[in-house]
Amino acid sequence: AKRLKVVAGEVRALKQQLREKRQEIERVQQEMERVLKAAVAERMAEWERVERKLLEETLQGEKQAKLAEVERCMAAREKELTQDLEQRRKGVHMNLVREVRQEQEDHPVRGMTSD
């Protein structure tokens, strides 16, 4: 009977130790889960920052490419308009020269001969 009481006491002590170990395991698991969630959240935030930065750089690059294209188009149009203006100026000049020559032929100034 005495031996039975000793064994029963040892069993109770072992059961108590088992409960304490289970509680400790539960605490460690909860802490690991908390740490893991925090690490995942931090990693996700970092990925979002990187993704946002890449997107901004991509958009900036696209904006610069569009701006360069607009500048090329404007330069080409300016060149076209300049050439057109020069052609018109030459045309007006040639018309004036013709008109002046015609006027001189129609109404010669005394002392001048036409060639």
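Reader: How many salt bridges does the count come to?
Author: The count comes to 8 salt bridges, taking a side-chain nitrogen of Lys or Arg within 4 Å of a carboxyl oxygen of Asp or Glu. This is a predicted model.

Reader: OK, Arg 72. Which side chain does it meet in a salt bridge?
Author: That of Glu 69, at 2.7 Å from N to O.

Reader: Where do Arg 72 and Glu 69 lie?
Author: Both are in helix H1, which covers residues 2-106. They are 3 residues apart, about one turn of the helix.

Reader: And Glu 69, what is its relative accessible area?
Author: Glu 69 has 38%, so it counts as partly exposed.

Reader: Moving on. What does the side chain of Arg 77 pair with in a salt bridge?
Author: With Glu 80, at 3.0 Å from N to O. Arg 77 and Glu 80 are also in helix H1, 3 residues apart, or about one turn.

Reader: What's the relative accessibility of Arg 77, then of Glu 80?
Author: Arg 77 is at 45% and Glu 80 is at 44%. Each lies between the 20% and 50% limits, so Arg 77 is partly exposed and Glu 80 is partly exposed.

Reader: Now Glu 86. Which residue does its side chain meet?
Author: Arg 89, in a salt bridge of 2.7 Å, N to O. Both lie in helix H1, 3 residues apart. Glu 86 is partly exposed at 32%, and Arg 89 is partly exposed at 47%.

Definitions and conventions: Residues numbered from 1 in each chain as written. Predicted model: local features only at pLDDT ≥ 70, side-chain atom pairs only at ≥ 80, totals over all residues. Heavy atoms only, no water. Helix = DSSP H or I, 4+ residues; strand = E, 2+ residues; numbered from the N terminus. Buried < 20%, exposed > 50% of the residue type's maximum accessible area, 1.4 Å probe, protein only.
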